[in-house]
Every structure is written in structure tokens, then in C-alpha cells.
Amino acid sequence: MAGKKKEIDRTGSPLEAHVASSKILAEHIDKVYTSGKKSVTAIEDVSIDIQDNDFVCIVGPSGCGKSTLLRMLAGLDFPTEGNIIVNDKKVTGPGPDRGMVFQTYTLFPWMTVEDNIKFGLKIKKMPKDEQQRIADRYLDIIGLTKFAKSYPKELSGGMKQRVAIARALANQPEVLLMDEPFGALDPHTKAMMQLLMREIWETEHPTVVFITHDIDEAVFLANKIYVMSARPGKVIKEVNVYLPHKRTLELKDTKEFIDIRKGINDLLYSANTADEES
């Protein structure tokens, strides 16, 4: 692990950056959208520091720039100011070290479940027997072995999202980026997907960055939560979640869980009230 190196902040003063010790580091990110003479600041001076195997959730009101930040981590968009570093390298575009799961179901409708999972492996020209071994493993993990030859139109929403997660994980990314992947699911299916996601994280050990507006979901899933304000999005607070590593749905009824959820709700309420009064 390399030591700290000196950087210069916007005022010209030196600051400490933990570049080499962080899996993901975003430093003083601004994102400004310009159309003609008009400009809108979506994100302002956002910094996040994520360690290897962290499960990090980012919460905040609609329009605060959560998804924009995730897209920049993926290399699908770029900051107006600031740097994003993944694995000690500046992000200049998408890479195989990062997998992305979207809210909408992005499966190829003409491919079977099995072939959807194999898609990235075929692009890599991996031997067919190795493709099959990996696909079989993830079909088992997501509980859809019996649906290997089915097509997306034959699956429920939750099943489709399980396939999307398996497809991302099959490429063995070090970082899994998830943009409100359970937002469209009914409450029961959503709860089951949250349990599955925790199990996958515990066994596969990816670094996960998970966008959600559901505070309960964030507290249940994460070991660290970044709370963002309304636009322009800023990080209000970094909240460490000290809950058991092994989690069940009963955890949501405990005092510890409720206290963390209430604290984040209060943060968001106070920030929104301050914005309305200013």
C-alpha cells in the first residue's frame, strides 16, 4: 500500500490524497450541463473514498446527481472538474474492471438466459467449456438453473434483474455499479433481491456502489452510506453502518437499524429544509 501523496486543492493549498490505498476515489467532482447560454450544476464538489470490498450505497432526493455520479464512475460520463480514480488509474472510459447493472432490464430479448450470462465471455473469446462452467455457476447462485433455456419475455421482473446481475458478475469485475436495480420491483421481490445481493457480496467479494432513494434498502445492504443533498448534489455526510455482517430481514425491525434509518432521514429533511429557506 503506497503512502499519501500531496495534491493541490482549488484554493492552491496542499491536501492529502489516499490514491493508492483506495479502490475508488472521486476528488472534488463538479458536473455542469450546458445548453446554449444556460448551464445547470448537477453535482458540486463531491468527494468519495471507497475501499476494496466495500458495499457502499448512495442515497439522496430525486435529481441530486446520484446516477450521474455512478455513470462517471463507470466511465460513461465525465466530470466538468475533478478526478475519478479506480484501481489507481484515472477513469477515461468504461473498463472490464467495472460492471454495471441498470434499473431497466437490459437483457437481449433474442438470447436465452444462459446466453445473456455468457455474452461478455463470448466477446472475450473465452473457450466454450469455460463459458458454460461460469454460466452454470451463476445460474446456480441466482437460483435460475431451471430457466437456462428460457427467454427474457418468459421471466418476471425480479428474475430478469437476477440475470442482469449474473451477467455483470460473470465477467468478474472488481467493481459492481448498480443504479437503483430493484426500484421497479414489488416489496416482497425487492426484499428477496436485497437478501440475494448481500449473499452475492459475501461470497463473490466485489466492491459494490449501489444507488437508491430507498433508505431502508441502503441501511440493509451497505457497510457505508453517502448521503447527498438536493441539486446541486453535495455529500452531506458519510455514514458507517455498524450492523451484523450476516443480515436477515428481521434486522429491519431492530433498534439499531431504525436508529440509523432515522438519522439519515433527519439529515435529508434538515438539508431540504435549509435549501427551501435559503
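Buried means under 20% relative accessible area, exposed over 50%, and partly exposed in between, with a 1.4 Å probe and protein chains only. Keep those classes in mind for the tour. The model is predicted, so local features need pLDDT of at least 70 and side-chain atom pairs count only at pLDDT 80 or more, while totals for chains, interfaces and linings use all residues. Residues are numbered from 1 along each chain as its sequence is written, and side-chain values use heavy atoms, leaving out hydrogens and water.

**Stop 1: two loop residues**

Select His205. His205 is partly exposed, at 48% relative accessible area. His205 sits in the loop between α5 (187-204) and β10 (207-211). Helices (H or I, at least four residues) and strands (E, at least two) are DSSP runs, numbered from the N terminus. The phi of His205 is positive, about 60°, although His205 is not a glycine. Most residues other than glycine have a negative phi, and most peptide bonds are trans.

Now go to Gln172, in the loop between α4 and β9 (175-179). Gln172 is not a glycine either, yet its phi is positive at about 55°. Gln172 counts as exposed because its relative accessibility is 60%.

**Stop 2: a cis peptide bond**

Select Arg231 and Pro232. The peptide bond from Arg231 to Pro232 is cis, and its omega is near -5°. Pro232 belongs to the loop between β11 (224-228) and β12 (235-240).

**Stop 3: the largest pocket**

Select Arg98, Gly99, Met100, Ala168 and Asn171. Of the 20 residues that line the largest pocket, these are the closest to its centre. The pocket holds about 520 Å³ of space.

A pocket is an open set of points on a 1 Å grid over the protein atoms alone, with protein on both sides within 12 Å along at least five of seven lines; a cavity is a set where a 1.4 Å probe fits but cannot get out; lining residues have an atom within 4 Å of a point. Points are joined across faces, edges and corners, and a volume is the space filled by probe spheres set on the points.

Colour β8 (98-101), α2 (113-123) and α4 (157-170); these elements each give two or more residues to the pocket lining. β8 gives the most, with 4 residues. The lining divides into 12 nonpolar, 5 polar and 3 charged residues. Here Ala, Val, Leu, Ile, Met, Phe, Trp, Tyr, Cys and Pro count as nonpolar, Asp, Glu, Lys and Arg as charged, and the others, Gly among them, as polar.

**Stop 4: the cavity**

Select Glu180, Phe182, Gly183, Lys190, Thr212, His213 and Glu217, which line the largest cavity. A search of the whole structure finds 1 cavity of 30 Å³ or more. The space inside the largest cavity is about 30 Å³. Its lining has 1 nonpolar, 3 polar and 3 charged residues.

**Stop 5: helix α4 and the cores**

Ala166 lies in helix α4. Ala166 counts as buried because its relative accessibility is 0%. Show its contacts (heavy atoms within 4.5 Å). Leaving aside residues up to four places away in sequence, Ala166 touches Ile117, Tyr138 and Ile142. Between the C-alpha atoms of Ala166 and Ile141 the distance is 8.2 Å, with 25 residues separating the two along the chain.

Which residues have the most contacts inside the largest nonpolar core? They are Ile165, Met197, Ile225 and Ile264, in a core of 53 residues. The largest share of this core, 8 residues, comes from α4. Another core lies apart from it, with 26 residues, including Ala42, Cys64, Leu70 and Tyr226. A nonpolar core is a set of buried Ala, Val, Leu, Ile, Met, Phe, Trp, Tyr and Cys residues joined through side-chain atoms within 4.5 Å.

**Stop 6**

Select residues 66-74. Helix α1 is largely enclosed by the rest of the structure, because 7 of its 9 residues are buried. The buried ones are Lys66, Thr68, Leu69, Leu70, Met72, Leu73 and Ala74. Just after α1, Gly75 has a positive phi of about 85°.

Finish with Cys57 and Cys64. The structure holds 0 disulfides (pairs of cysteine sulfur atoms within 2.5 Å). Cys57 is buried at 0% relative accessibility, and Cys64 is buried with a relative accessible area of 0%.
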